[in-house]
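Take a moment to look over the structure below.

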Amino acid sequence: MIRFEPAGAEALLLVLAEQPDAQLPQRIALLAQRIRAELGDLLIDLVPGWTSVLLHYDLMCTDHLQLAERLKPLLERWLAEPFVAQAGRLHEIPIWYGGEDLAEVARLCQLSGAQVIELHAATEYRVGAIGFAPGFAYLGELDARLALPRRATPRIAVPAGSLAIAERQTAIYPHSSPGGWHLLGRCPWLLFDVAQLPPCPLALGDRVRFRRIDERDFIREGGQS
Amino acid sequence: MSGLRVLKPGPQSLLQDAGRLGWQHLGVSPAGPLDWHAAAWANHLLNNPWGTPLLEIALGGVELQAEVDTWVAVCGAQVPLSMDDQPQPLWARLSLRKGQLLRLGFARSGQRAYLAVAGGFIAAPVLGSVSVQIREGQGRALQGGDLLPCQAARFSHCASVPWPYLPDYGSKPLLRVITGGDAANFEEDQLQGFFAQSWQLSPLSDRMGARLIGEAVQPPGRQWSSGIGRGAIQVPPDGQPIILQADHQTMGGYPLLGWLHPLDQGRLAQCPAHHPLRFTPVSIGDAQAELREFYRFFRR
């Protein structure tokens with residue numbers, strides 16, 4: 001059951017499901033694309049979430065009631081479509097698994113450091129949402145054997161390119177920022193660059209695999225240790 | 001290029017335009033002025049279009065020397081304003097001649113002054129905007145020696161903002177809230193507690209969020225992270241609400257009690273730490289009607 005909820009005077013929240021599932025990010029990516037194509041003129045920003053899409057609209061063009069009416073036929077079509085797994089672009093991202101919390105994660109998960117790396121690198125992930133900071137992509141779903149709550153006290157600064165895990169998610173911090181996730185490694189690439197278009201190579205619904213590299217490769221590929 | 005030379009930059013002076021719009025899906029915060037009322041008037045006085053780049057000056061303490069003949073307007077916080085030591089009015093457009101020293105003292109009331117220049121300050125946009133966003137590394141605060149580039153301009157006469165539109169930042173504001181979000185999931189007495197009490201603005205507030213201090217409001221459970229907008233009133237587990245401001249994050253998962261009326265966000269941004277704040281509900285329809293009127297006047 002889809003719900004429309006006004007989100008202040010200039011935004012409308014579309015709640016598409018009560019719980020996220022494996023298919024939802026791709027379906028939301030498709031819906032977001034359609035909304036942009038058909039109603040983009042009325043919108044300032046469109047922000048996909050785990051189970052929702054937030055539409056920041058231009059109040060001089062529409063309001064939450066009119067926009068909801070315009071969305072209904074589009075949503076009916078979207079709901080009626082059978083799910084077709086989109087291949088999604090595949091990104092292979094190099095990681096030097098030498099993170100500060102690797103030993104601690106291994107201890108908490110009752111695994112060896114090598115097993116943690118193996119489990120983390122074995123999974124193909126999907127971009128489930130992008131937010132928190134520019135280019136910060138939430139990737140799911142992390143192997144259940146690595147699921148840990150966030151750190152009790154977040155770090156004041158996590159180095160740029162840090163690969164981290166929390167709950168059933170993994171992500172790379174594109175820039176140095178405060179962070180409460182467990183650090184497993186570092187990526188040498190700049191994952192948010194305003195000189196590029198789009199500035200972030202990852203998009204909602206894309207696939208991500210991690211390629212293991214060592215410290216020398218990390219430096220060679222541009223990483224700052 | 002000529003412009004205004006920075007002799008004293010003030011504690012935090014930031015170039016702002018209409019904001020970095022259209023990139024929230026990649027986690028990019030919109031930024032923009034904290035006080036739209038004062039910023040819009042400053043530009044309007046100079047016939048600048050909505051969102052023309054201007055300077056947001058926190059607390060004051062700025063000295064600039066003109067290297068061009070132009071016109072300026074300062075609106076917002078009540079800063080002592082002078083040109084070559086001659087006192088000048090705020091909320092008015094003023095001729096500034098090459099060589100003249102423009103001085104903004106420290107604010108007596110209010111927190112942010114907006115300095116606009118005819119035609120706007122010229123800067124290279126990043127993702128379509130010149131707005132400085134410190135947390136995301138977009139631009140930096142003004143520094144001594146900087147040049148604020150702008151073009152020469154002329155007006156034939158002065159102009160000022162009509163007095164009914166001049167705010168009194170010393171008053172105790174009653175800020176209007178469009179209830180919604182997870183409001184229905186709060187216990188009735190918790191919601192009443194939010195509106196019944198007088199809150200205090202925390203000194204930890206910044207351009208990202210205004211933090212309130214008061215008797216805790218018990219929130220319902222956490223939600224799946226979704227897009228979030230300016231003015232959203234988040235209630236984290238400690239029960240001390242956070243009202244999102246211009247530099248807000250794009251997604252959040254804390255329960256929401258509602259949204260601050262967009263035209264009251266500027267009033268909040270002008271409050272000093274520990275200022276008392278009270279809230280009252282407003283309907284979404286009334287808020288939208290008033291906001292449309294504001295846009296019709298300023299967003300020509």
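How many residues of domain 1 of chain B are in contact with domain 2 of chain B, and how many residues of domain 2 do they touch? Before counting, keep in mind that this is a predicted model. In chain B, domain 1 covers residues 3-165, while domain 2 covers residues 174-298. Between these two domains, 21 residues of domain 1 are in contact with 16 residues of domain 2. On the domain 1 side, α1 and β10 (109-117) of chain B each supply at least two of the touching residues. As for the spacing of the two domains of chain B, their C-alpha centres lie 27 Å apart.

Now step back and view chain B as a whole. Its secondary structure comes to 4 helices and 21 strands. Chain B is as compact as a globular protein of its length, because its radius of gyration of 20 Å is close to the 19 Å that the globule rule gives for 300 residues. Along the principal axes, the C-alpha trace of chain B spans about 60 × 40 × 35 Å. Of the 300 residues in chain B, 52% are buried. Contacts in this chain also reach across the sequence: among those between residues at least 6 apart, 78% join residues at least 24 apart.

Next, let us follow the strands of chain B. Six of them form an open sheet with antiparallel pairing, in the order β2-β3-β10-β5-β8-β12. The edges of this sheet are β2 (12-16) and β12 (159-160) of chain B; each has a single partner strand, so one side of each is left without a neighbour in the sheet. Further in, β3(B) and β10(B) pair in the antiparallel sense over 4 bridges. You can find one pairing here by looking for B:Leu55, whose bridge partner in β10(B) is B:Leu115.

Strand β1 (residues 3-9) and strand β4 (residues 60-66) of chain B are antiparallel partners, paired over 5 bridges. In this pairing, B:Lys8 stands opposite B:Glu63 in β4(B). The strand β4(B) is also joined by 5 bridges to strand β9 (residues 101-106) of chain B, and these two run antiparallel. Here B:Gln65 stands opposite B:Leu101 in β9(B).

Chain B also meets a partner. Which part of chain B gives the most residues to the side that touches chain A? Across this interface, 33 residues of chain B are in contact with 36 residues of chain A. Both β16 (226-227) and α4 (284-298) of chain B supply at least two residues of the side that touches chain A. The answer to our question is α4(B), which gives 6 residues. By class, the chain B side has 15 nonpolar, 15 polar and 3 charged residues.

Most residues other than glycine have a negative phi, and most peptide bonds are trans. A:Glu167 is not a glycine, yet it has a positive phi of about 50°. You will find A:Glu167 in the loop between β9 (162-166) and β10 (169-173) of chain A. In chain B, B:Asn47 has a positive phi of about 60°, although it is not a glycine either. B:Asn47 sits in the loop between α1 (36-45) and β3 (54-58) of chain B. Buried or exposed, or in between: how does B:Asn47 count? It counts as partly exposed, because it has 15 C-beta neighbours inside 10 Å.

A cis peptide bond joins A:Gly140 and A:Glu141, with omega about 0°, and A:Glu141 is in the loop between β7 (137-140) and β8 (155-158) of chain A. The bond from A:Leu197 to A:Pro198 is also cis, with omega near -5°, and A:Pro198 lies in the loop between β12 (182-186) and β13 (207-213) of chain A.

Definitions and conventions:
Residues numbered from 1 in each chain as written. Chains lettered and ligands numbered in written order. Predicted model: local features only at pLDDT ≥ 70, side-chain atom pairs only at ≥ 80, totals over all residues. Pairing = 2+ DSSP bridges. Buried ≥ 20, exposed ≤ 12 C-beta atoms within 10 Å, placed from the backbone. Domains from an automatic or database assignment. Contact = placed C-beta atoms within 7 Å. Nonpolar A, V, L, I, M, F, W, Y, C, P; charged D, E, K, R; others polar. Rg over C-alpha atoms; globule rule 2.2 N^0.38 Å.
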